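Here is a short briefing for a first look. Please keep the sequence and the structure side by side while reading.

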Amino acid sequence: HVQLVESGGGSVEAGGSLKLTCTASRVTYSGYWMGWFRQAPGKVREGVASLHTGGGSIVYADSVKGRFTVSRDNAKNTLYLQMNSLKPDDTAMYYCAAAWPAPPYWANVMAAGTYNHWGQGTQVTVS
């Protein structure tokens, strides 16, 4: 199955930027949902941004619209999350996820339960 590894996390001052990268391996297919999720201590895991690699659909959490951008490279094996204007509330462990096989059509692509492949996470700390 697909393997996901995140990188790019770190510490940044409020207003700064970070770019997260999710490198996927063992990928032999296209047209599936991938997403970025985050979880801070004492909080539930929440969807940040999801992208369908086939149709190009993108969904953002309201809290990050206008600040974060999710994208993939031309090879469709790397997922990015460009994070600008970072706020202390963005501090969390960020996880890359993929849904394969495809979930039911009614699945919420911003819900963690929709995804069955997860990276190890990368910490983002905004002071």
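The points below are grouped by topic.

The model is predicted. It holds one disulfide. It also holds six aromatic pairs. An open sheet of four strands is part of the picture.

**The four-stranded sheet**

- The strands of this open sheet run in the order β1-β3-β8-β7. Their pairing is antiparallel.
- The edges are formed by β1 (3-7) and β7 (68-72). Each of these two strands pairs on one side only.
- Neighbouring strands in the sheet are turned against each other by 15° on average, direction ignored.
- Strand β3 covers residues 18-25, and strand β8 covers residues 78-83. Six bridges join β3 and β8 in the antiparallel sense.
- T23 has its bridge partner in β8: the residue is T78.

**The disulfide**

- Which two cysteines are joined? C22 and C96 form the disulfide. Their sulfur atoms are 2.1 Å apart.
- A disulfide is a covalent bond between the sulfur atoms of two cysteines.
- The angle about the S-S bond is -75°, and the link of C22 and C96 is left-handed.
- The link spans distant parts of the chain. C22 sits in strand β3, while C96 sits in strand β9 (residues 92-99). The two cysteines are 74 residues apart.
- Are these cysteines buried or exposed? C22 is buried because its relative accessibility is 0%, and buried means under 20%. C96 is buried too, with a relative accessible area of 0%.

**Around C96**

- C96 is in contact with L4, E6, C22, M34, G35, W36, L79, H117, W118 and G119, leaving aside neighbours within four places in sequence.
- C96 and A49 are 47 residues apart in sequence. Their C-alpha atoms are 9.8 Å apart in space.

**The aromatic cluster**

- Which residues form one aromatic cluster? F37, Y95, Y115 and W118 do.
- F37 and Y115 make an edge-to-face pair. The ring centres are 5.1 Å apart, with 70° between the planes.
- F37 lies in strand β4 (residues 33-39), and Y115 lies in the loop between β9 and β10 (117-118). The pair therefore ties together parts that are 78 residues apart in sequence.
- F37 is buried at 0% relative accessibility. Y115 is buried as well, with a relative accessible area of 4%.
- Why is the pair of Y95 and W118 edge-to-face? The planes of the two rings stand at 80°, and the cut-off for edge-to-face is over 60, so the pair qualifies. The ring centres are 6.4 Å apart.
- Y95 belongs to strand β9 and W118 to strand β10, so this pair ties together parts that are 23 residues apart in sequence.
- Y95 counts as buried at 15% relative accessibility. W118 counts as partly exposed at 28%.

**S50, a buried serine**

- S50 is found in strand β5 (residues 46-52).
- S50 has a relative accessible area of 0%, so this serine is buried.
- What joins the side chains of S50 and Y115? A polar contact of 3.1 Å does. Y115 is also a member of the aromatic cluster.
- Not counting residues up to four places away in sequence, S50 touches W33, M34, G35, S57, I58, V59, V70, V109, M110 and Y115.

**Backbone points to check**

- Most residues other than glycine have a negative phi, and most peptide bonds are trans.
- The peptide bond from W100 to P101 is cis, with omega near 0°. P101 is found in the loop between β9 and β10.
- S85 has a positive phi of about 50°, although S85 is not a glycine.
- Where does S85 lie? S85 is in the loop between β8 and β9.
- S85 is partly exposed, with a relative accessible area of 41%.

**To take away**

- The disulfide of C22 and C96 links strand β3 with strand β9.
- Y115 pairs with F37 through its ring and with S50 through a polar contact of the side chains.
- Strand β3 holds C22 and also pairs with β8.

How values were computed. Residues numbered from 1 in each chain as written. Heavy atoms only, no water. Pairing = 2+ DSSP bridges. Axes fitted to C-alpha atoms, helices over the stretch in contact; angles between N-to-C directions. Disulfide = S-S within 2.5 Å. Buried < 20%, exposed > 50% of the residue type's maximum accessible area, 1.4 Å probe, protein only. Polar contact = N/O pair within 3.5 Å; in protein donor to acceptor, adjacent residues only side chain to side chain. Contact = heavy atoms within 4.5 Å. Phe/Tyr/Trp six-rings, centres within 6.5 Å; stacked < 30°, edge-to-face > 60°.
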